[in-house]
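These are my notebook entries on a single structure. I set down what I looked up, topic by topic.

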Amino acid sequence: MRFEFVTATRIVFGEGTARELGTFAASFGKRAFVVTGRNPERVRPLIDSLHAQNLEFTIFFVDGEPTVELVVEGAKQAREAKAEVVVSIGGGSVLDAGKAIAALATNPGDPFDYMEVIGKGQALTIAPLPFIAVPTTAGTGSEVTRNAVVASHEHQVKVSIRHPSMLAKIAVVDPELTYNLPPDITSTTGMDALTQCIEPYTSNAANPLTDALSADGIRRAARSLKRAYDDGNDKAARSDMAYASLLGGLSLANAKLGAVHGFAGVLGVTYNAPHGALCAVLLPHTMEMNVRALESRAPDSDYLRRYAEVAQWLTGNKNASANDGVVFVKELCAALNIPPLRTYGIVEADFPKIVEQAAKSSSMKGNPIVLTNEELTAILAAAT
Ligand SMILES: [Zn+2]
């Protein structure tokens with residue numbers, strides 16, 4: 001057995017921990033570059049904690065998913081401000097923006113040099129600015145991943161800047177920050193967290209350490225996502241979801257994902273649909289197709305046992321079969337009012353192009369079995 005496991009240098013989890021942000025940031029210097037979403041009032045106590053430590057800071061607003069232009073501009077401003085630490089407070093887009101800004105602020109030259117697919121994909125040569133990640137949603141796990149996803153409108157794709165040095169110096173996961181999230185954000189980000197635990201557990205790159213983490217994440221998301229959706233102030237459910245999201249990030253960063261994320265990556269750029277909503281609607285149909293393909297082409301596969309375990313954790317029933325897990329996720333999607341793909345303008349005529357692109361994606365390479373184009377098309381049809 002051989003595996004590697006990388007994560008943030010320090011993970012701080014717990015209710016109220018984000019109010020210590022000023023102390024965390026001050027340990028890296030006097031000047032901070034704060035990246036946050038459109039509404040900074042939501043994170044006022046965190047900004048106050050920076051003031052309390054007499055930090056000088058610039059606030060950079062990120063509205064929507066980060067683009068190449070946005071992170072280049074952020075890196076320029078961070079350099080001009082002589083920032084000593086980058087702090088991201090927000091959802092996955094804000095965390096990824098800050099992570100990319102921290103990397104590009106210190107690494108010279110053309111930003112495309114460091115981008116996969118559309119650029120040269122060169123390794124970073126200089127350590128990024130220290131990066132502190134404070135997620136305000138429970139879903140992406142971006143606080144513990146080593147890549148930042150940025151969109152290039154010019155190329156019509158999303159690509160990653162990826163390097164182990166981009167891992168956060170501190171990930172501060174405070175469930176209190178998710179208490180006032182609206183139900184639709186709770187459901188879609190939460191389904192992303194669940195998917196990011198199920199896909200690594202059934203991926204072809206799982207290891208014993210990611211297994212332990214993703215298994216716990218599946219149990220917690222299964223018991224708490226609907227509760228957090230029904231009552232945003234259910235503290236135990238919010239804590240479970242914040243932790244499940246962290247577990248998903250730890251798992252995907254050290255194992256792989258699968259077909260759900262292969263599709264979601266492609267659909268997210270072309271149709272501008274929320275990532276978590278795409279994962280949610282695709283998850284049960286992908287699980288169902290994977291199980292069916294494994295039963296017909298790899299009946300002795302360990303992955304079938306894994307799908308049965310997933311079902312047992314989801315349902316809490318020790319005798320549950322893989323198919324019971326599919327039924328559980330379908331019912332969960334219905335209870336969370338997850339919309340079908342056609343909501344985003346996705347129609348049957350688009351399927352061949354989507355399948356062609358998704359089949360080439362890096363996430364698809366982690367799927368437990370290679371699905372045929374017909375099988376991939378059937379997943380889309382079932383989710384539309
Ligand atoms: Zn995801």
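**Entry 1**

I began with Asn-54, which counts as exposed at 67% relative accessibility. The model I am reading is predicted. I located Asn-54 in the loop between α2 (44–52) and β3 (56–61). Its phi is near 60°, a positive value in a residue other than glycine. I noted for context that most residues other than glycine have a negative phi.

I then looked up Asn-337, whose phi is likewise positive, at about 55°, although Asn-337 is not a glycine. Asn-337 sits in the loop between α11 (322–335) and α12 (351–359). At 57% relative accessibility, I recorded Asn-337 as exposed.

**Entry 2. The zinc site**

Which residues donate to the zinc ion? I listed Asp-192 through OD, Gln-196 through OE1, His-261 through NE2 and His-275 through NE2. These protein donors lie 2.0 to 2.1 Å from the zinc ion. Along the chain, the donors follow the spacing D-x3-Q-x64-H-x13-H. I placed His-261 in helix α8 (residues 259–271) and His-275 in helix α9 (residues 275–297), a pair 14 residues apart that links distant parts of the chain.

I next checked the geometry. The angles among the four donor atoms run from 89 to 150°. For reference, I wrote down that the ideal angle for four tetrahedral donors is 109.5 degrees.

Are the two histidines, His-261 and His-275, buried or partly exposed? His-261 is buried, with a relative accessible area of 9%. His-275 is partly exposed, with a relative accessible area of 26%.

While in helix α9, I also looked up Ala-277, which is found there. Ala-277 counts as buried at 1% relative accessibility. From Ala-277 to Phe-112 I noted 29 Å in space, C-alpha to C-alpha, and 165 residues in sequence.

**Entry 3. Salt bridges**

How many salt bridges does the structure hold? The count is 23. I recalled that side chains of opposite charge can pair when their charged atoms come close. I looked up three of these pairs in turn.

The side chains of Lys-76 and Glu-73 meet in a salt bridge at 4.0 Å, N to O. Both residues belong to helix α3 (residues 68–80), and because they are three residues apart, about one helical turn separates them. Lys-76 is partly exposed, with a relative accessible area of 40%. Glu-73 is partly exposed too, with a relative accessible area of 32%.

Asp-211 and Arg-306 form a salt bridge in which the closest N and O atoms are 2.9 Å apart. I found Asp-211 in helix α6 (residues 208–230) and Arg-306 in helix α10 (residues 302–315), 95 residues apart, a pair that links distant parts of the chain. Both Asp-211 and Arg-306 are buried. I also traced a network of salt bridges that links Asp-211, Asp-302, Arg-305, Arg-306 and Glu-309.

Asp-240 forms a salt bridge with Arg-220, again with the closest N and O atoms 2.9 Å apart. Asp-240 lies in helix α7 (residues 235–254) and Arg-220 in helix α6, so this pair ties together parts that are 20 residues apart in sequence. I recorded Asp-240 as buried at 6% relative accessibility, whereas Arg-220 is partly exposed, with a relative accessible area of 21%.

**Entry 4. The second largest pocket**

I looked up the second largest pocket and noted a volume of about 150 Å³. Its lining consists of Ala-18, Arg-19, Arg-42, Val-43, Pro-45, Leu-46, Thr-136, Asp-174, Glu-176, Leu-177 and Asn-180.

**Entry 5. The start of the chain**

Last, I turned to Arg-2, which lies in the segment before β1 (10–13). Arg-2 is exposed, with a relative accessible area of 70%. The C-alpha atoms of Arg-2 and Pro-208 are separated by 9.9 Å, although the two residues are 206 residues apart along the chain.

Technical notes:
Residues numbered from 1 in each chain as written. Predicted model: local features only at pLDDT ≥ 70, side-chain atom pairs only at ≥ 80, totals over all residues. Heavy atoms only, no water. Donors = N, O, S within 2.8 Å, 3.2 Å for Na, K, Ca; no water. Tetrahedral: all angles 85-135°; square planar, octahedral: opposite > 155°, others 65-115°. Helix = DSSP H or I, 4+ residues; strand = E, 2+ residues; numbered from the N terminus. Buried < 20%, exposed > 50% of the residue type's maximum accessible area, 1.4 Å probe, protein only. 1 Å grid on protein atoms, 1.4 Å probe; cavity = no way out; pocket = protein on both sides within 12 Å on 5 of 7 lines; lining within 4 Å. Points joined across faces, edges and corners; volume = space filled by probe spheres on them.
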